[in-house]
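Please look over the notes below with the model open.

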Amino acid sequence: MQTVYIIDVKSGNLQSLSNAIKHIGGYEIVFITNAGEFQQYDSQIERLLFPGVGNYAHFVKQLHDRALVEPIRAYIESGRALMGICVGLQSLFRDSEECSDGVQGLGYLDLSLYKFNKEDPIFQERGLIKSVPHIGWNSVSEIRKSGELLDENESLFSINTTNKYYFVHSYAAILKTQEIKDKIAQYASQGWDFVYANYGSEQFLAAVSYKNFFATQFHPEKSGVAGLKVLKSFLEGSKYDVVSAHDIQKPVNGQTVEKTLGGLTRRIIACLDVRTNDDGDLVVTKGDQYNVREASSSDSEESKVRNLGKPVELATRYYRQGADEVTFLNITSFRNSPLQDLPMLQVLSKAAESIFVPLTVGGGIKDMEDPVTKKRVPAVQVADLYFRSGADKVSIGSDAVNIAEKYYANGGKGDGTSSIETISATFGNQAVVISVDPKRKYVSSPEDTTQEVIQIIDPAKYGPNGEQYCYYQVTSQGGRKTHELGALELCVACEKLGAGEVLLNSIDHDGSNKGYNLELLNQVKSRVSIPVIASSGAGNPAHFQEVFEMDCGIDAALGAGLFHRNEYAVNDVKRFLQSQKMDVRLDDKVEL
Ligand code: 1PR
């Protein structure tokens, strides 16, 4: 058994990376958290992984504070193998627009990182905003070995131009100017290899390699089998392999598919609402309009919580069916503290052992009091617990509503202390999802509310008293508490405070199988520039097509009930979308 060493500066989910290596097999893992440990193992290290998640400045500062910069530099110079991942790659560059205070990276490439431009002309031509962060599955456009273009069947550490890889970042080494392109060409002439990708009209470096070091902007440990192959090739030192036909994800029957504006595939998310049932077991449940209890047989009998299966079992099934992401929502967490909610943490750790796509977890993320010590536990620490158990993103529901209310009461400003602000400052905004639970509220005139209204065009959809306007009033605590705040206003405030994605539910459509709430999705998506996930109401594959075809450019679509009730498998949805020429990641292979 060989040993792989992983640099751990406590900046996010390293559990998934270590799970991916265990899954590949044949390696044991040692984490290195400071200079002393580096020194202790230095003479034995042959393969070093250098993963980074979240905020560039936070990550680089951690490297300095832990005195790891020099040992890493010396290690690279000694000619041994190192693989950087995401912010690990970014830290090899000179600096990043992400930090205004002049924090410097390791400077192996004398280039800077820039934020993606949400005002991308390709999107603007269609009246759209490009979502930033760049979240989802993209392909790479070109692989160049010392400047020479590789063929379609050649690869750099198994990265090839056909497969899809999972990216999640706002900043990248974007080839913005001729000067940058010239510098890259110069590096190529010195023997550097570069992998390029595009997000809309912006081209950026998806991977770099030079002699013994290699780094990817995407997350191989979250890129399904295609990503596991990349990790395996690095571990085995197979730098330039020919890719076998078996390892390429081609559209079924050679179908031609669209090229999406950004280059990302249509992302399909399987969601599991989890709670303890009346017997105290953690189960996946699903209701209609947030009522998760069965219809009771008699008035006197308390109806039971619907039990649709075991969380880890179902999540693994959806991964094997090709889900691009899996979300767990602990739907009753407002009643108890996740600090004592160890079963949910266990669910997550167990799921992360065999699911190699992103995992999101929600429920009860807020500042809280430790029920045992009575000490205040900040939300960022609660989130950290989830990240350590294998989550890539946390989703904030009820607390987001309170935060947005304070934001408006404070004249449109945050105070830096909220869960959204603190978690995004530490783990990056891509790690913070806002889960919104709105209900339609009809009004007779826009003057009847301070929230922005939607004019209802179709008379058949007017309110019960002929109201021609509505807005979406947000709720907290799983729909129990209603607030005088619109879904749009909530999302706008949360984006300003640092949220990276919106999971937009609709209580009116939840569990209805009648399709997504297009009116609500359109209102929010047209006004925020972070990705928006459509949720609630998916009943068949055509509903996914319908939501992706909307003009506003929805980023991902989530389904729950239709998967849990076995009406459709995730890949049924994807195959259907592909037959409609939509670009999806079809990954039926689950083993290396
Ligand atoms: O408020 O931060 O503690 O988080 C609690 C989380 O639990 C929130 O994200 C909230 O949306 C969720 N939640 C609370 N109560 C319920 C409930 O159902 N009683 N579930 C609930 C929300 C929303 C979707 C659902 C879709 C798709 N579930 O994820 O799965 O509506 O369903 P469908 O495809 O079958 O229509 P906090």
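1. Ser 146 sits in the loop between strand S8 (142-145) and strand S9 (148-149). Helices (H or I, at least four residues) and strands (E, at least two) are DSSP runs, numbered from the N terminus. Phi of Ser 146 is near 45°, a positive value in a residue other than glycine.

2. This is a predicted model: local features need pLDDT of at least 70, side-chain atom pairs count only at pLDDT 80 or more, and totals for chains, interfaces and linings use all residues. Residues are numbered from 1 along each chain as its sequence is written, and side-chain values use heavy atoms, with hydrogens and water left out.

3. The peptide bond from Val 132 to Pro 133 is cis, with omega near 10°. Pro 133 lies in the loop between helix H6 (121-124) and strand S7 (134-138).

4. Which residues are closest to the ligand? Ser 398, Ser 435, Asp 437, Asp 510 and Gly 537 are, within a shell of 25 residues (near means a heavy atom within 4 Å). The shell divides into six nonpolar, 15 polar and four charged residues. Here Ala, Val, Leu, Ile, Met, Phe, Trp, Tyr, Cys and Pro count as nonpolar, Asp, Glu, Lys and Arg as charged, and the others, Gly among them, as polar.

5. A side-chain N or O atom of Asp 510 is 2.6 Å from a ligand oxygen. A backbone N or O atom of Tyr 290 lies 2.9 Å from a ligand nitrogen. A polar side-chain atom of Lys 286 lies 3.4 Å from a ligand oxygen. Taken alone the ligand exposes 770 Å², and the protein buries 99% of that (Shrake-Rupley, 1.4 Å probe).

6. The ligand takes up the space of the largest pocket (more than half of its atoms lie within 2 Å of the grid points). A pocket is an open set of points on a 1 Å grid over the protein atoms alone, where a 1.4 Å probe fits, with protein on both sides within 12 Å along at least five of seven lines; lining residues have an atom within 4 Å of a point. The largest pocket has a volume of about 800 Å³, the space filled by probe spheres set on the points.

Key: Polar contact = N/O pair within 3.5 Å; in protein donor to acceptor, adjacent residues only side chain to side chain.
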